[in-house]
Amino acid sequence: MTNPPTPEPSPQISRREFLLRAGAAGALIAGSVGGGLALWQRRHFVPGFQEQGGLHLPSYSLAPDKLLPEMAIAHGADHEKVVRAAIGALGGMGRFIQKGDVVLIKPNIAFDRPPALAATTHPDALRAVARMVLEAGAVKVLVADNPINSPAGCYLKSGLLAVADELHLDLLYPETNSFAPIQMDGEILRNWAFFEAPFKRATKVIGLAPCKDHNLCHASMTMKNWYGLLGGRRNQFHQHIHSIVSDFALMMKPTLVVLDGMNVLMKNGPTGGRLSDVKPMGTVVAGTDMVAVDSYGYTHLLERDIAELTYIHKANDRGLGNMDWKQTRYKEVQA
Amino acid sequence: MTRHSQESPRPGRKPFHRTKVSLPERIVSYSIVGLLAAIGAAVWVAGRNFDPGLYSLRAEALKSTVAPDERLTTIQGERASRPIGDPASNRNIAPHTGGTPMPPDQTDSPDDHEAAAPAPAAKATAIEIPGAKPMGDTEFYSPDSLYEKIDGRAPAYIEFHFQQLRTRSFSVPDSAGSYVDVYEYRMDSPVNAFGIFALERDPDGKPLDFAADGYSGGMGFYFRQGNCYVQVIASDQKPATMGLARSVSEHLAKAIPADDAGLGARRRLPAQGLVPGSVKFTQDNALGQAFLKDVFQADYNFEGKKISFFLMATTPEAAAKARESFFAFSGRYGGKAEALPDIAGAKVFEAQNFGKWKLIYQRGGELGGVLDAQDPVAARAFLGKVLDGK
């Protein structure tokens, strides 16, 4: 009978080597945990899976004035003079913009079309509004939109790039990381990708929209203009377009809206494509209540029956504005 | 005797204890750790640039699973075979299948039958214009992606069975900052291309000498050629810009094969008094009626009054059935419909709805009539002349 062989003792490791190995393992674990925490996004936005949370836009509107008009309508032939007359009738740009403000102007440049076709905000309108904003003491003017077509092509062909170069405005292009989910309790818009980047800097917001026919919702004016701040596959809202356009009156509380009706795209909108689609109307409407402004635009610029414009009724019924523009304090002037 | 446990090494063999890690093994290990770190970094970067629209459902994309994609066949006279059950294959006028013979002048014209054939599909080729300098690549859009180019305007095109958009911009050599945009919308058939062309037509446009269905209008050229509706839009009205727009239009009109399939019924519209540029085409639910399909409609000046006239060419059976349905509908909602004596072999009824008059006839496979007339006497006189062939 023999004794079983005794295993050889394990080779000893030194204290130094033990500490090194333990330290390396600990650092790896700590690095993994740290990396995981860094990558973990509590508000990671994947539709259907995201937590209900997101950006809440502040109101950019001013406290109502008991004396000055809520809406002004200006008529004339010279684009800049008419814009100035409309805003002047509201009390001037100084009512809305103070020294040091960073002002976001949101045009509608959804398409890469030339200005004469009236499918986009006209460069003369941007020039006039931006000049007034700068004259009022703003330190910076931002111009931002998330167009349907290539942003570079839209800024170039709409003529807004040239105005931005001329007046040293900051054109903001939508980049992938310019968006964050917005959270709101809209009729249909609740949690969606939103062009957030301009709002990180802006202290005041001005909507500057053309007045035009729209194949799906009858008209694109100041309320519909905010559609250009959404990201993602926003066309899926087209089936509920009146609901979402009325939601924009809830989403955005701008400082001022300007509806450019100097040349109105009367048919084949929103793209147009022919000069015959455009009618010179020589009018600019400015105001603090975009429901009222759009109501005027639909009846007096597009010359249609307000009864058919569902989104105006929705916004009015939800208390987001007054579609009976004659009941607001308004002023009509000739430039 | 005590049995050795299985874990115990066999006599004479040393237990395995690693005391040394080879260099290749270390390299592999570090590589794996490095790779994991790189993957982690990539996930971090991707997370920072996350596209919120990436995972949203695009329901319209599912349509592509319903029928095979035919968009990659050629344009040069090649006929794509449309799958059985595709509604578009049954869209055109049904062939005459016996029964009461149709009068010779009401038999479907050859091009009507041709319209029943599947439309040629275009190859996804770039728009090339000799001598013109492109500002970028040609963009292509399908029915699923058309909204990415024209957004809310897309449904109007899709109603006319839009197939593909090719679009490209060209700079104007002699005019800095000027450009010409080309939009070539290809529909499933010439008659549908005519439909969308007519829907957007400028009634005051000047006719073109290089395309029968076309006009120029201030800042561009617009025409229908074959199954394509082409818009060539200038950035301004400078002579150099408009000159390039014209030469581009002429080039495209020559390049697209002429085809008037399905447009035969348009030629049956009365010629006298026709308001130029007023002819329109509606494929489905014309005048809001499901029984009215492939309808041409036009305006006329008749004895100082404006008359709106429509015409649908089909089989005699279908025309008779449509007339009965129209008669029944016209008598509803407070309307008054009354059959009149036949005129020149045509069955005729008259109806008054909401203070306006309509006068409808059916002769063989033809259903047509006057719509929304303010003056019933003028409507009767106009229809009498049409049916008498005057």
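Mentor: Happy to! Strand β13 (residues 346–353) and strand β14 (residues 356–363) of chain B pair in the antiparallel sense, over seven bridges.

Before we go on, a word on the ground rules. This is a predicted model, in which local features need pLDDT of at least 70 and side-chain atom pairs count only at pLDDT 80 or more, while totals for chains, interfaces and linings use all residues. Residues are numbered from 1 along each chain as its sequence is written, with chains lettered from A and ligands numbered from 1 in the order in which they are written.

Back to the sheet. β13 and β14 belong to an open, antiparallel sheet of seven strands in chain B, ordered β9-β10-β11-β15-β14-β13-β12. At its edges are β9 (280–282) and β12 (336–343) of chain B, each with a single partner strand, so one side of each has no neighbour in the sheet. On average, neighbouring strands are turned by 20° against each other, direction ignored; the axes behind such angles are lines fitted to C-alpha atoms, for helices over the stretch in contact, and angles run from 0 to 180 degrees between N-to-C directions. Helix α8 (residues 316–330) of chain B packs on this sheet and touches β12, β13, β14 and β15 (366–373) of chain B, its direction making about 160° with that of β14(B). A contact means that the C-beta atoms of two residues, placed from the backbone, lie within 7 Å.

Strand β15 of chain B also contains D372(B), whose phi is positive at about 50° although it is not a glycine. D372(B) has 15 C-beta neighbours inside 10 Å, so it counts as partly exposed. The cut-offs are 20 or more other C-beta atoms within 10 Å for buried and 12 or fewer for exposed, with partly exposed in between, all C-beta atoms being placed from the backbone.

Of the contacts in chain B with a separation of 6 or more, 60% are between residues 24 or more positions apart.

Strand β1 (residues 71–75) of chain A has four of its five residues buried, so the rest of the structure largely encloses it. It pairs in the antiparallel sense with strand β10 (residues 278–287) of chain A over five bridges, where I73(A) faces V285(A) as its opposite residue. With strand β11 (residues 330–334) of chain A, β1(A) runs parallel, again joined by five bridges, and A74(A) stands opposite V333(A) there.

The loop between β9 (256–265) and β10 of chain A holds P270(A), which is joined to G269(A) by a cis peptide bond with omega of about 10°. N268(A) is in the loop between β9 and β10 of chain A too. Phi of N268(A) is near 60°, positive in a residue other than glycine, and N268(A) is buried, with 23 other C-beta atoms within 10 Å.

Finally, a helix pair. The axes of helix α7 (residues 290–301) and helix α8 (residues 310–317) of chain A come within 10 Å and cross at roughly 150°. That makes α7(A) roughly antiparallel to α8(A): angles over 145 degrees count as roughly antiparallel, under 35 as roughly parallel, 65 to 115 as roughly perpendicular and the rest as oblique. The crossing is left-handed, which applies if the near helix is turned anticlockwise from the far one by less than a right angle, clockwise being right-handed. V291(A), D294(A), S295(A) and Y298(A) of α7(A) meet I312(A), A315(A) and N316(A) of α8(A). By class, this contact of α7(A) with α8(A) has four nonpolar, two polar and one charged residues, where Ala, Val, Leu, Ile, Met, Phe, Trp, Tyr, Cys and Pro count as nonpolar, Asp, Glu, Lys and Arg as charged, and the others, Gly among them, as polar.

Methods. Helix = DSSP H or I, 4+ residues; strand = E, 2+ residues; numbered from the N terminus. Pairing = 2+ DSSP bridges.
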